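This report describes one protein chain, from its overall make-up to single side chains. The sequence and the model come first.

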Amino acid sequence: KYEPIYASKEMDFQITKIEIKSRNEINLDIQNKLNIYTNLDFSKKIELEINSEKIINVSSNDALGTPKKFDMKIILTLITSQKGKADEEVIFRENFKYNNTSNKFDLKKYEKNIQQNLTNKIFQEMLLYLSSI
């Protein structure tokens, strides 16, 4: 049976509201992963606002100007609200450099995999942050 690294029983907070700023793939993935924390009953209740963006830049070209390497960045802004506390904004960033490939189908599959890995890293960092506030 699969269990996340930080199982919900180890967390001491409840998410009472998750607002995503846009319906992009990363936001929806994070929201889906956070849903298990909405059914808990802890005294630390947190409302979240999530916004993310994915940026892919060419980091180097070959002699003909064809992209040789790319850099994918995922930036996620998290705003937390708790009763009696000021809202806090935290920005999580992850990036990964990778080579171009002539097979664009394989490149898209690889980029999807990179996005998933970066999103998972950010999700784990978010959980650590949420358990520490």
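A residue is called buried if its relative accessible area is under 20%, exposed if over 50%, and partly exposed in between, with a 1.4 Å probe and protein chains only. The model is predicted: local features need pLDDT of at least 70, side-chain atom pairs count only at pLDDT 80 or more, and totals for chains, interfaces and linings use all residues. Residues are numbered from 1 along each chain as its sequence is written, and side-chain values use heavy atoms, with hydrogens and water left out.

**Overall make-up**

The protein chain has 2 helices and 4 strands. Helices (H or I, at least four residues) and strands (E, at least two) are DSSP runs, numbered from the N terminus. Read from that end, the order of elements is β-α-β-β-β-α. Of the 133 residues in the protein chain, 35% are buried. Along the principal axes, the C-alpha atoms fill a box of roughly 60 × 35 × 25 Å. A contact means heavy atoms within 4.5 Å. Among contacts with a separation of 6 or more, 64% come from residues 24 or more positions apart.

**The sheet**

Two strands pair if DSSP finds at least two bridges between them. In general, strands of a sheet pair through backbone hydrogen bonds, either parallel or antiparallel. Here the 4 strands form an open sheet with mixed pairing, in the order β1-β2-β3-β4. Strands β1 (13-20) and β4 (88-99) are at the edges, and each pairs on one side only. On average, neighbouring strands of this sheet are turned by 25° against each other, direction ignored. Strand β3 (residues 67-81) runs antiparallel to β4, and 12 bridges join them.

**The helices**

Axes are lines fitted to C-alpha atoms, for helices over the stretch in contact, and angles run from 0 to 180 degrees between N-to-C directions.

| Helix | Lies across | Angle |
|---|---|---|
| α1 (residues 25-34) | β1, β2 (44-61) and β3 | about 145° to β2 |
| α2 (residues 104-132) | β1, β2, β3 and β4 | about 150° to β4 |

In α1, the buried residues are Ile-26, Asn-27, Asp-29, Ile-30 and Leu-34. They are on the same side of α1 because they cover an arc of only 165° around the axis, where the arc is that of the directions from the helix axis to the C-beta atoms. These buried residues pack against β1, β2, β3 and α2.

**Aromatic pairs**

Rings of Phe, Tyr and Trp (its six-membered ring) pair if their centres lie within 6.5 Å; planes under 30 degrees apart count as stacked, over 60 as edge-to-face and the rest as tilted. The structure holds 4 such pairs. Phe-13 and Tyr-37 are stacked, because their ring centres are 5.5 Å apart and their planes are at 25°. Phe-13 is in strand β1 and Tyr-37 in the loop between α1 and β2, so this pair links parts of the chain 24 residues apart. Both of these residues, Phe-13 and Tyr-37, are buried.

The ring centres of Phe-92 and Tyr-129 are 6.3 Å apart with planes at 75°, so this pair is edge-to-face. Phe-92 is in strand β4 and Tyr-129 in helix α2, so the pair ties together parts 37 residues apart in sequence. Phe-92 and Tyr-129 are both buried. Phe-70, Tyr-98 and Tyr-110 form one aromatic cluster.
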